[in-house]
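The sequence and coordinates are shown first.

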Amino acid sequence: MPQDEEIELSGLQFENLLNKEQKEAFNYLLNHTVFCPSCSNICPDGVMDYKTVLTDADEVLMKGKCAKCGSGVTRLMLIEEDIAFADRVKAIRSNR
Ligand SMILES: [Zn+2]
């Protein structure tokens, strides 16, 4: 079964995938841990135009742009997963 492909998450899918704590973790990582190679620093003005991808390993990958210089930035969002998360991943994968 080719169920391990990368899926670009819609806004709604992303909303449904993460619970409140996981969203807080995501936002923290987004604002404090995304490194911009051009700025040689954590994105000073944050990240813009980002989208999220469910990877083949069921991890959340963020792809966006440094809000200061516009360079592409990506970061694997290390979110503590729970059993409900696995169920929600399954739901997203089966609804395609
Ligand atoms: Zn930058």
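## Strand pairing

Strand β4 (residues 47-54) and strand β5 (residues 60-66) run antiparallel and are joined by six bridges. Two strands are taken to pair if DSSP finds at least two bridges between them; strands are DSSP runs of E with at least two residues, and helices are runs of H or I with at least four, numbered from the N terminus. K51 has K63 in β5 as its bridge partner. The hairpin formed by β4 and β5 has five residues between the strands, and D58 in its turn has a positive phi of about 60°.

β5 also pairs with strand β6 (residues 72-77), in the antiparallel sense and over six bridges. Here G64 has V73 in β6 as its bridge partner. The hairpin of β5 and β6 has five residues between the strands, and G70 takes a positive phi near 85°.

## Basis of the model

The model is predicted: local features need pLDDT of at least 70 and side-chain atom pairs count only at pLDDT 80 or more, while totals for chains, interfaces and linings use all residues. Residues are numbered from 1 along each chain as its sequence is written.

## Nonpolar core

V34, C36, C43, V47, C66 and V73 make up the largest nonpolar core, which has six residues. Such a core is a set of buried Ala, Val, Leu, Ile, Met, Phe, Trp, Tyr and Cys residues joined through C-beta atoms within 7 Å. A residue is buried if 20 or more other C-beta atoms lie within 10 Å of its own, exposed if 12 or fewer, and partly exposed in between, with C-beta atoms placed from the backbone.

Leaving aside residues up to four places away in sequence, V34 touches I42, C43, V47, V73 and R75; contact requires C-beta atoms, placed from the backbone, within 7 Å.

## Helix α2

Helix α2 (residues 20-32) has 13 residues and reaches 18 Å from its first C-alpha to its last, close to the 18 Å expected at 1.5 Å a residue. The expected span is 1.5 Å times one less than the number of residues. α2 is hardly covered, as the count of buried residues among its 13 residues is zero.

Most residues other than glycine have a negative phi. S40, which is not a glycine, has a positive phi of about 50°. S40 lies in the loop between β2 (35-36) and β3 (41-42) and is exposed, with 7 other C-beta atoms within 10 Å.

D49 is not a glycine either and has a positive phi of about 50°. D49 lies in strand β4 and is exposed, with 10 other C-beta atoms within 10 Å.

Conventions:
Contact = placed C-beta atoms within 7 Å.
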